[in-house]
Amino acid sequence: MKKPIVTTLFFLSSMMVLSGCGGSISTTSVVESIENAAQKNAELDNARFETRYSMDSDAEPFDQSSEGVFVKTAESDYDWYQKTSFDGTNATEAAQIDGKQYQKISVPGQAETQWVGVYSTGFALQDLLRSLFENEIVEADIAESQVEDEGISEEYTLTMSDAYAERIKEENVEAIQQNSDELKQNDEEALVIEEIETRLQEIKETNYQDVIITYEINEEGFLTAAHYESTVVPPTGEPYTVVTSFSLTEYNLDDTGDLLPQIAE
């Protein structure tokens with residue numbers, strides 16, 4: 001059976017004077033705080049999470065959200081589950097349990113489908129929620145920022161440099177090109193590859209401006225949210241806004257028995 005292809009592209013993903021309680025703080029300290037919080041997330045035993053990707057475009061508005069969970073099984077390995085909804089209608093469920101990946105697609109009006117195994121070398125949770133597990137910014141990426149102490153958390157709002165936006169675009173292009181090459185090696189259908197490569201060319205010709213990233217670090221030092229907002233300037237058409245966000249809603253739950261789906265082999 002061919003692997004169903006469900007592609008979720010999160011484009012985007014922070015010199016600065018920081019203002020907030022206690023006055024200013026150095027750029028170095030801000031980057032270190034974000035990096036330490038991202039690394040601390042590796043200490044989590046389990047969590048519920050949410051993601052969102054939306055495009056505020058007159059020509060092609062789009063809204064995609066997901067809910068999921070993860071449970072640590074070893075020092076850096078996790079079982080995880082994610083349900084993604086597209087415009088409130090179609091839904092895709094994905095899971096990785098005991099190193100095996102599964103997928104289920106639900107379409108309104110059609111009979112419920114079963115879980116199917118998919119060809120994969122493994123998709124790590126750290127890739128699925130990269131922004132919450134790994135700091136990808138350096139001081140030179142940041143044009144301006146502010147920090148606010150919310151009492152139970154600190155919120156960092158970073159305005160990114162144009163060089164950062166260009167670097168992220170190049171990394172996305174490289175990742176999609178690699179995905180296309182892997183599909184060719186696995187003899188994926190030509191139509192699927194053609195669609196990906198068409199999208200790849202569009203991304204190469206698209207520019208990202210006014211990138212703002214907001215991080216939230218809670219009182220326990222965990223990175224609980226990362227929110228990205230950007231103006232997208234396509235090769236044709238009017239500019240539009242893209243929003244991508246990742247957040248932890250609960251973590252280190254005592255009872256994990258019902259977090260993951262039961263999948264029969």
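Modeller: What follows is a walk through the sheet, then its helix, then some ring contacts. This is a predicted model, in which local features need pLDDT of at least 70 and side-chain atom pairs count only at pLDDT 80 or more, while totals for chains, interfaces and linings use all residues. Residues are numbered from 1 along each chain as its sequence is written, and side-chain values use heavy atoms, with hydrogens and water left out.

The sheet is open and has 11 strands, in the order E6-E5-E4-E3-E2-E1-E11-E10-E9-E8-E7, with antiparallel pairing. Strand E6 (116–117) and strand E7 (142–149) are the edge strands, each pairing on one side only. Strands here are DSSP runs of E with at least two residues, helices are runs of H or I with at least four, and both are numbered from the N terminus. Two strands pair if DSSP finds at least two bridges between them.

Strand E4 (residues 90–97) and strand E5 (residues 100–106) run antiparallel and are joined by 7 bridges. Glu-93 has Lys-104 in E5 as its bridge partner, and Gln-96 stands opposite Gln-101 in E5. E4 and E5 form a hairpin with 2 residues between them, and Asp-98 in the turn has a positive phi of about 55 degrees. E5 also pairs with E6, again in the antiparallel sense, over 2 bridges. There, Tyr-102 has Gly-117 in E6 as its bridge partner.

The structure holds 8 aromatic pairs. One of them is Tyr-78 with Phe-133, an edge-to-face pair at 6.0 Å centre to centre with 65 degrees between the planes. This pair links distant parts of the chain, since Tyr-78 is in strand E3 (residues 78–86) and Phe-133 is in helix H3 (residues 130–133), 55 residues apart. Rings of Phe, Tyr and Trp (its six-membered ring) pair if their centres lie within 6.5 Å; planes under 30 degrees apart count as stacked, over 60 as edge-to-face and the rest as tilted. Both Tyr-78 and Phe-133 are buried, meaning under 20% relative accessible area, with exposed over 50% and partly exposed in between (1.4 Å probe, protein chains only). Ring pairs link Phe-49, Phe-70, Tyr-78 and Phe-133 into a cluster.
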